[in-house]
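The sequence and the coordinates are shown first.

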Amino acid sequence: MNAPNPTSEKTLLIFERGAPGRGSSLYPDCDVPDCAVDPVLLRSASPDLAEVSEVEAVRHYTWLSTRNFGVETGFYPLGSCTMKYNPKENEAFARLPGFAGAHPLQDPATAQGCLALMHDLADWLSRLCGMSAFSLQPAAGAHGELTGLMCIRAYHRHRGDAKRIVVLVPDSAHGTNPASAAVAGLEVREVPSGPDGMVDLDALDRLLGDDVAALMLTNPNTLGLFEKNIEAIAQKVHAAGGLLYYDGANANAILMQSRPGDMGFDVVHLNLHKTFATPHGGGGPGAGPVGVSERLVPFLPVPLVMKDAVSGQYLLDADRPLSIGPVRSFYGNFGVLVRAYAYILRNGEEGLAAVSEAAVTNASYLRERLRPAYRIAYDAPSMHEFVITGTPQKEAGCSTLDLAKRLIDYGYHPPTIYFPLVVKEALMVEPTETETRETLDAFADAMLRIAEEARTSPELLHDAPHGTPVSRLDELRAARTPVLRWKRPEG
Ligand SMILES: *Cc1c(COP(=O)(O)O)cnc(C)c1O
C-alpha cells in the first residue's frame, strides 16, 4: 500500500471538502417576516456552495495563504521590480485615522494635514529628481508614463509643433514604454543598443528629426548600466527639438547620487511602490508620480496641491488652462503617498544615499559571486541590478527557465528571466538594499550549485520544481484555455 500523502487532504479545493448539510452557523430560524420579492429575482436552484465546517474553512484558507511566496517569506531578486522589504511602520502611518478616514470630497480646509503631506512629498520628489513640480495623481508606473507623454504631446501642440508624434525607445526598454507611447497616440521607433549595452549614438543621430516628440530612457538602464553618454544624448535630442523622458520606476541606484533633471531629462516618473516602500506585486494599489521641468509644468494633470503664500493654507488648484486634465479620480492612491512620505522622512537625505549605496553594493557583490559559473551579459560596473546569461548552461541542455524553476526548490523566487530582450537566456537580478550578506551568499551558493547540477544531472532541472503542489505548468494551455470555474463532477 502507498503511504498516505500528508498533503493530499490539504490540496483539496474548498468545494471538494465537507458534506451535505454541514455548515458553520447554528442560528435559530429567521423571525423577520418574509416580504414579497419579484419571482424573476428568485433563485430556482441551490447555488451549490461548499458545505464545510468553520474549522475546515479556516484551515483551508490558512493553508492556502502559506502557499504564497513573498518578500516576507524569502529572497525575491526579481530584476526591474525592486522587491525589497518595506518597513511595517509605514502601514501604521497609512492607517492613522486622520489619513485613512479622510474623504476625497471633503472641504480642503478640513484636510490640511493630507494636503500638507502631498505638497511636501511632491517637494521632496522634485528635489530628489531635479524637477520643477510633481503630480502625484497617476496610479502606477505605466500610468505615469502615459501621463508624462501626454504632457509632452500637449507641450509640442501648444507650440504649434503637432507633427512631433514619434517616441524613440531603446531596445532594452521595459515593455510598458512602447505600450504607453502607443496608448498616448504616439508612434514608437526603436533605438538599438551598441555592443556595450548603451544607446548607439550613430543610430540615434539617424532617428532624430523634426517628427520626434521624445526619447524615453532609463538610467541606469534595464541592463543595470549607467548610460555614460547621457549628456551627449540629451544635447542631441534637445538640439533636434525633442524632449527626454526618464523611466524612474527603479530609482534605488540614484537616490542622492544623481538626478534626472541634472542629466537633462524633462519628464520623470517614479514608482513609489518600488523605490519608496509600498508592498507590491499583487496588482496594486501603486503610485507613479510624474515630475517635469519648468516648461512642462502648465501641462501637468489637475488638481495640483498648492500652498497659499499669504495664508499658509493648502489648496487644490484645478484652474490651469493648459493642463491635460485629470488622469485619475481625485488625488491618486493617497495611502501609497503616506507610506512613501514616511519612508523618505524616516531615511532623510543621508539614509536615502545609504539606500542607493547598499543597493549598488549588494548587486555588485552578487554579480561577482556568480561570475565563476555564469556569463555576465555586459561586463561593466553595474548599478542596482545586473544581467547574467545562462548560455553556458543552455549549451549543456538546461534552459534559463530550467535554472529559474530549480531555484524554487532552493527556496528562492527566481530572478526576472528572458528580459531585457536584447540578452539571450537573460537572468536579471536585483537583490535590493534590504538583504544581508548571509542571504546574498546563500543565494549565490544555490546558483552555483544549480550551475553544477546543470552539468552533472540536467534532468533534475528539467523536472523542477520538485517541492511545490504543482510542478511545470502548461503555460500555453493555461493562457489559451484557462479553467476559471470549478464544476461539480457529474454523478
Ligand atoms: C515596473 C516598471 C514599470 C511599470 O510600472 P507599473 O507600476 O507596473 O505600471 C515601468 N518601467 C520599469 C523600468 C519598471 O521596472
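## Overall chain

The structure is a predicted model. The protein chain has 491 residues, of which 47% count as buried. Its secondary structure consists of 16 helices and 13 strands. Along the principal axes, the C-alpha trace spans about 75 × 70 × 45 Å.

The accessible surface of the protein chain comes to about 24,500 Å², and carbon and sulfur atoms account for 56% of this area. Among the contacts between residues at least 6 apart in sequence, 71% join residues that are at least 24 apart.

## Ligand site

There are 13 residues around the ligand, and those that come nearest are S80, G141, D247, H273 and K274. By residue class, the shell divides into 3 nonpolar, 7 polar and 3 charged residues. Two helices, α5 (141–158) and α10 (272–275), each supply at least two residues of this shell. The largest share comes from α5, with 3 residues.

A nitrogen atom of the ligand is 2.6 Å from an N or O atom in the side chain of D247. An oxygen atom of the ligand is 2.8 Å from an N or O atom in the side chain of K274. At A142 the backbone takes part: one of its polar atoms is 2.8 Å from an oxygen atom of the ligand. On its own the ligand has 380 Å² of accessible area, and the protein covers 85% of it.

In general, the strands of a sheet pair through backbone hydrogen bonds, in either the parallel or the antiparallel sense.

Strand β13 (residues 426–429) pairs with β12 in the antiparallel sense over 2 bridges. Within this pairing, I417 stands opposite L427, and T416 has M428 as its bridge partner. Strand β11 (residues 386–389) also runs antiparallel to β13 and is joined to it by 4 bridges; F386, for instance, has V429 as its bridge partner in β13.

In a regular strand, side chains alternate between the two faces of the sheet.

T147 lies in helix α5, the helix that supplies the largest share of the shell around the ligand. Is T147 buried or exposed? T147 is buried, because its relative accessible area is 0%, and the cut-off for a buried residue is under 20%.

The side chain of T147 reaches the backbone oxygen of H143 at 2.7 Å. Beyond residues up to four places away in sequence, T147 touches P138, V290, P301, I324 and V327.

## A partly exposed loop residue: M256

M256 is placed in the loop between β5 (243–248) and α9 (260–263). It counts as partly exposed, because its relative accessibility is 35%, and this class lies between 20% and 50%.

Which residues does M256 contact, leaving aside its neighbours within four places in sequence? The contacts of M256 are L128, E349, L352 and A353. M256 and A354 are 98 residues apart in sequence, and their C-alpha atoms are 8.8 Å apart in space.

## An exposed helix residue: R455

R455 is found in helix α14 (residues 437–456). With a relative accessibility of 59%, R455 counts as exposed, a class that begins over 50%.

The side chain of R455 makes a polar contact with the side chain of E452 at 2.8 Å. R455 and E395 are 60 residues apart in sequence, with a C-alpha to C-alpha distance of 9.9 Å.

How values were computed. Residues are numbered from 1 along each chain as its sequence is written. This is a predicted model: local features need pLDDT of at least 70, side-chain atom pairs count only at pLDDT 80 or more; totals for chains, interfaces and linings use all residues. Side-chain values use heavy atoms; hydrogens and water are left out. A residue is near a molecule or strand if one of its heavy atoms lies within 4 Å of it. A polar contact is a pair of N or O atoms within 3.5 Å; within protein, one must be able to donate a hydrogen and the other to accept it, and residues adjacent in sequence count only if both atoms are side-chain atoms. Accessible areas come from the Shrake-Rupley method with a 1.4 Å probe; for residues, only the protein chains shown count as cover. Ala, Val, Leu, Ile, Met, Phe, Trp, Tyr, Cys and Pro count as nonpolar, Asp, Glu, Lys and Arg as charged, and the others, Gly among them, as polar. Buried means under 20% relative accessible area, exposed over 50%, partly exposed in between (1.4 Å probe, protein chains only). Contact means heavy atoms within 4.5 Å. Two strands pair if DSSP finds at least two bridges between them.
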